[in-house]
Amino acid sequence: MTYLFNNPENFADELINGYVAAHRNLIHLVDGGVIRKHKAQPGQVVLVIGGGSGHYPAFGGFVGSGLAHGAAMGNVFAAPSAQQICNVAQAVDAGGGILFCYGNYAGDVLNFNQAQEQLCAIGIDVRTVIVTDDIASAPLTEKHKRRGIAGTFPVFKAAAVAADSGKSLDDVFRIATDANDRVRTLGVAFSGCTLPGANKPLFEVANGKMEVGMGIHGEPGLYRIDAPTADGLAEMLVDKLLTETPSTIVNGDSARIGVILNGLGSVKYEELFVVYRRVDRLLFERGLTIIDPIVDELITSFDMAGISLTLFWMNDELEKTWIAAADTPTFHKGNIVRSNIDTPSASQIKEKSPLEIGSMDSQSAAAIVFVALKAACKVITKKSEELGRLDAIAGDGDHGLGMQRGITAAVVAAKEALDAKAGAGTLLTVAGDAWSDRAGGTSGVLWGVILRNLGNALGDEATPQASTVAVGIASALRDVTNLGKAQLGDKTLVDVLFPFSSALAAAASQGLSIADSWAVAADIANGAAQSTKNLLPKIGRARPHAEQSLGTPDPGAISMALIISAIGKTINFL
């Protein structure tokens, strides 16, 4: 379990601050993550990586000479927000373009995509390589759906070495893509991990058993077997990974491989070496030449007892990136010659633009919206642990904490807007931005979209009408489905938002008030949320564990229904 923490909500911020304080000679803190202390050469490509906290040394530990130029660091097991990513990217930008590289998780994809769009809009050239090395999470024919786990490291290193050698953005992208095509990983676990403040692990494994194919966010494995001996585990991992030898190797490319035996948190190094001794022998017997193997903790999952094995098939170009020198707070290899130009020690504080004052009618509506947000915050805080439990059944268990962080930030931002005499539209917009930035992850992005769309519909002048609210919710539904790609029946919050939007529009068209329209639609939303227990997830982290979630409602759908109900109870006089 996690023994040392203060407020679990602040755990990620505090660990990042402590990490930077311990390594000031190599890294700097920026708003959203960490960057190299030594600036990239003018005109060169830079590499920005990122992901949730809880995986130390990933991702901040991979920032330094020979590896990433910056890392956006999200909350525990949650993607960094688009704003965090932009802050890190702009802090390291050297004028030659930026490569984003990260693991294939819905929240990371949504937030990095948003950041890429924002940076491109201001003239910064950005490309993306998404790592998909986990062979357990999808078949090879659907490699684009696979998760990124310990195999992110050789891809990061390939991209970073190419960037620091002065290659163009096109070449850096090509090399990183080639590295991703040649890396495969499989992991196992003997116990689950426990998030800060939680009183039990996200999943449990009986003594003598082993989960095969778990992820790095506390997701359970795909199936459970009797725990083998160290040699038996080595044989299983090697056999399964070698069934996916890249076609270029089969067709005559050199059989040189990089090997990573990665500890996930609680397995001791002595145990890793016992396993590696057999891995080394098995690969040698298969005619493979191992280049500079790594037996270490590179990507962990808090206190999870487990390991993963990564094989990285190399050509001449990739071998040079694999053996190249690097020096970060957590990874050292060879000797590095650094730039003598330091990056700023912290990102500049951006001046907030004053908010426009809304009309008296809209200010009155803003006051009601603020009360509604506080009511929603209260119910999410109360239900946070239960939402995390639902999420842990087939996901990573962070939904409750992420929702709590996001909606708390939204309330704080809304209060500032209310004090500034903003209208309802502006209040919702700034609340949505705060939610998205503070929560990160998939839910942060989507709730930011929902509040911003509703705010755009309400505006800052007129008193809201039921039809106006219905238009805002319909607009939110459209953008949520466009952005997240989830459809009705995929077991997501869309399964609540869709019927809620339809019911709200129908009630408004009948001339009902906001309160009456909302009440009708809220009943339908509650029923829809409960009905998700009969669905199988088709998107997101729960997808590889679809059968495990059958019979349990979707946590995102439940949290949306909770918020809708809480809001309905505060606007019953409209």
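Start with the salt bridges: a search of the whole structure, which is a predicted model, finds 23 of them.

**Stop 1: arginine 36 and aspartate 164**

Select arginine 36 and aspartate 164 and show their side chains. The two side chains meet in a salt bridge, with 2.9 Å from N to O. Arginine 36 belongs to strand E2, residues 33-36, while aspartate 164 belongs to helix H4, residues 152-164, so this pair ties together parts that are 128 residues apart in sequence. Is arginine 36 buried or exposed? Arginine 36 counts as buried because its relative accessibility is 8%, and buried means under 20%.

**Stop 2: aspartate 292 and lysine 333**

Next, select aspartate 292 and lysine 333. Their side chains also meet in a salt bridge, here at 2.8 Å from N to O. Aspartate 292 sits in the loop between strand E11 (289-290) and strand E12 (294-296), and lysine 333 sits in strand E15 (residues 332-333), so the pair ties together parts that are 41 residues apart in sequence. With a relative accessibility of 33%, aspartate 292 counts as partly exposed.

**Stop 3: arginine 478 and aspartate 479**

Move on to arginine 478 and aspartate 479. These two residues form a salt bridge in which the closest N and O atoms are 3.2 Å apart. Aspartate 479 is partly exposed, at a relative accessible area of 26%. Arginine 478 also counts as partly exposed, at 45% relative accessibility.

Then select Asp13, Arg405 and Arg438. Salt bridges that share partners join these three residues, Asp13, Arg405 and Arg438, into one network.

**Stop 4: phenylalanine 77**

Where is phenylalanine 77 placed? Select it and look at the loop between strand E4 (70-76) and helix H2 (82-92), which holds phenylalanine 77. The relative accessibility of phenylalanine 77 is 0%, so this residue counts as buried. Phenylalanine 77 and glycine 51 are 26 residues apart along the chain, and their C-alpha atoms are separated by 7.7 Å.

**Stop 5: histidine 38**

Now go to histidine 38, in the loop between E2 and strand E3 (46-53). Histidine 38 has a relative accessible area of 19% and is buried, since the cut-off for buried is under 20%. The C-alpha atoms of histidine 38 and asparagine 315 are separated by 30 Å, and the two residues are 277 residues apart along the chain.

**Stop 6: the whole protein**

Zoom out and switch to a cartoon view. How many helices and strands does the protein have? There are 18 helices and 15 strands. The radius of gyration is 24 Å, close to the 25 Å that the globule rule gives for 574 residues, so the protein is as compact as a globular protein of that length. Along the principal axes, the C-alpha atoms fill a box of roughly 75 × 55 × 45 Å.

Of the 574 residues, 60% count as buried. Among contacts with a separation of 6 or more, 74% are between residues 24 or more positions apart.

The accessible surface comes to about 22,200 Å², and 54% of it belongs to carbon and sulfur atoms.

Conventions: Residues numbered from 1 in each chain as written. Predicted model: local features only at pLDDT ≥ 70, side-chain atom pairs only at ≥ 80, totals over all residues. Heavy atoms only, no water. Helix = DSSP H or I, 4+ residues; strand = E, 2+ residues; numbered from the N terminus. Rg over C-alpha atoms; globule rule 2.2 N^0.38 Å. Buried < 20%, exposed > 50% of the residue type's maximum accessible area, 1.4 Å probe, protein only. Contact = heavy atoms within 4.5 Å. Areas by Shrake-Rupley, 256 points an atom, 1.4 Å probe, with all protein chains shown as cover. Salt bridge = Lys/Arg side-chain N within 4 Å of Asp/Glu carboxyl O.
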